[in-house]
Amino acid sequence: MLACKILVIDDEEPNVRLLERLLLRAGFDRVVCTTDSRQAAALFEDFLPDLVLTDWLMPEIDGCAVIAQLRALIDPDDYLPIVVLTADVTPLTRKRALGAGATDFLTKPFDQTEVVLRMFNLLRARLSHVLVQRQNASLEESVRERTLELESTLAELRDTQQQVIQQERLAALGTMASGIAHDFNNALSVIVGFSEMLLQREEQDPAARDKTQALTRILTAATDASAIVHRLRDFHRPDEAEEHHLPVDLNALLTEAILLTQPRWETDALAAGRVISVEARLGMIGCISGDAVELREVLTNLIFNAVDALPEGGAITLGTRCDGEAVILSIRDNGTGMSADVRHRCLEPFFTTKGKRGTGLGLSMVFGIIQRHAGTIDIESTPGTGTVFTVRLPLAGEESETLPDAPLEPGGPWRVLVVDDQPVFCQVMRDCLQYDLHLVETALSGHDALEKFRASAFDLVITDHVMAGMPGEQLAVRLKEIDPQIPVVLLTGYTSEITTGHRQIPAIDLILEKPVSRMALRQALARVLAPTLPEPACRAVAHAAA
Ligand code: ADP
Ligand code: MG
């Protein structure tokens, strides 16, 4: 309390000195005095006292005016006592002083004990007030902090809720997708198998360049489609989705995507009487690190959406450019555009404005892929004017992987037994293997296979997974009972379930995902028949031709 600061204003020097002495004797050594009441306000602001003593009758500015001046400088919530020093306390003076904001009175001549006691009481009240104010402030601070914490928890909760909803949708999608994946893979197996076979033949005929090109595109599309099916299934488990990131030339992908989508934006559009122009403005960009199949899918999806947004025809412009450490890819159309609501929701799985014609999955896949590539996507759209999708992808770092190994030379020739209950797959596999000069026998069931296996010698058995009568896994066990050394490759449309379910299949040496390209098959053979070769990952094997 003795550290409190006191300001004294009195025009009579002897009075000032007397008070100063009294206060000093009581222990108050932080006292500032003035005999000029015009200085009161400035001194107050400078000194910031805890208590003010002021004379009442003064020339120039009297006590009443001084109090009014000081009160104007004091926060109304603050308790800062102002004591009036006066010889006669008439009721009128008292009323005026209190009205101006005085707290108390001290009568002249001063009684030492009274002055000291009064000071102590008032300052005690002042200190309690300051303490309460400090506590209030710290309480308010902690309430503010709590509120912020609560707000951020609430935001997190909302995010989590959104994620749960999203997760549910994706899980539903995953269930649906894995259901169709199997059948879809079978269809693709045929496309991949036969296009490869035709390509082999065309390769020998230089006059068939156009056909070769078309076939190459069919093959690319089918292999991409098979990768899409795999990813559809991995869609709701992004952590388990594999990351085969390699240096990718986005300009080359873009040119390819324009060609791949040409039937849609040119042929189909012209047939419907609308003209769509597609222009590429390719900038000088470096490689990005990514998955070419996924990125091609991003491009084709965005082009398809742009085509859909041009019911009367129009222009699609695709561009790439460098921006610091990133590559910017933009796809612009001057089509129908989106309302703010559609723009906000367009990335949601299953959101579509195209009714039965749409799936609402394109952009959510695009979004997932861009996220997996550590990129961002930005959408600007104005109804009636058009839409721009801007994708930003980080440039490949120094540490990015090198390009995949050159294709393997086929080893062998090996004697291979192919088992599949669908004759068409047996034929595709036979063509594939025979191209590499292997000797192939086929069986349409597990029992058929066992019979053939007992009858002649084989280096390898390739069997389908799901077959009527005896599934591939069971066949493998029976084969190993006959010859424990025989390598068995299981062909399946459900690899991720087997591999990600951590279910060990003892008799199986390698699992291959359908559809199997020639290259994948070569690598699989190399792996099971020449185990000294470096082990390619199972999935990498299945996707090697992609
Ligand atoms: P789908 O194409 O099957 O409808 P997407 O996920 O690809 O599903 O797109 C979702 C929705 O976003 C579309 O239905 C459409 O309303 C909107 N959209 C996407 N791209 C464009 C575009 N370029 N112009 C206008 N609307 C678009
Ligand atoms: Mg779409």
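Gln-434 is found in helix H12, which spans residues 423-435. In this predicted model, Gln-434 has a relative accessible area of 35% and is therefore partly exposed, since that class lies between the limits of 20% for buried and 50% for exposed.

A salt bridge joins Arg-415 to Asp-459, with 3.1 Å between the closest N and O atoms. This pair links distant parts of the chain, 44 residues apart: Arg-415 belongs to strand E13 (residues 415-419), whereas Asp-459 sits in the loop between helix H13 (446-455) and strand E15 (460-464). Arg-415 has a relative accessible area of 35% and so counts as partly exposed.

In the whole structure, a search finds 24 salt bridges. Among them is the pair formed by Arg-96 and Asp-62, whose closest N and O atoms are 3.9 Å apart. Arg-96 lies in helix H4 (residues 91-100), and Asp-62 lies in the loop between strand E3 (51-55) and helix H3 (63-73); the pair therefore ties together parts that are 34 residues apart in sequence. The distance of 3.9 Å falls within the 4 Å cut-off for a salt bridge. Both partners are partly exposed: Arg-96 has a relative accessibility of 40%, and Asp-62 has a relative accessible area of 24%.

Another salt bridge connects Glu-279 with Arg-281, and here the closest N and O atoms are 3.1 Å apart. Glu-279 is partly exposed, at a relative accessible area of 36%. Salt bridges also link Asp-10, Asp-55 and Lys-108 in a network.

An α-helix has 3.6 residues a turn, so residues three or four places apart point the same way.

The description now turns to the ligand. Around ligand 1 there are 20 residues, of which Thr-352, Thr-353, Lys-354, Thr-359 and Leu-363 come nearest. By class, this shell consists of 9 nonpolar, 9 polar and 2 charged residues.

Several polar atoms of the protein approach the ligand. A polar side-chain atom of Lys-354 is 2.6 Å from an oxygen atom of ligand 1. On the side of the backbone, a polar atom of Leu-363 lies 2.8 Å from an oxygen atom of the ligand. A nitrogen atom of ligand 1, in turn, is 2.9 Å from an N or O atom in the side chain of Asp-333.

Taken on its own, ligand 1 has 540 Å² of accessible area, and the protein covers 94% of it.

Conventions
Residues are numbered from 1 along each chain as its sequence is written. Chains are lettered from A and ligands numbered from 1 in the order in which they are written. This is a predicted model: local features need pLDDT of at least 70, side-chain atom pairs count only at pLDDT 80 or more; totals for chains, interfaces and linings use all residues. Side-chain values use heavy atoms; hydrogens and water are left out. A residue is near a molecule or strand if one of its heavy atoms lies within 4 Å of it. A polar contact is a pair of N or O atoms within 3.5 Å; within protein, one must be able to donate a hydrogen and the other to accept it, and residues adjacent in sequence count only if both atoms are side-chain atoms. Accessible areas come from the Shrake-Rupley method with a 1.4 Å probe; for residues, only the protein chains shown count as cover. Ala, Val, Leu, Ile, Met, Phe, Trp, Tyr, Cys and Pro count as nonpolar, Asp, Glu, Lys and Arg as charged, and the others, Gly among them, as polar. A salt bridge is a side-chain nitrogen of Lys or Arg within 4 Å of a carboxyl oxygen of Asp or Glu. Helices (H or I, at least four residues) and strands (E, at least two) are DSSP runs, numbered from the N terminus. Buried means under 20% relative accessible area, exposed over 50%, partly exposed in between (1.4 Å probe, protein chains only).
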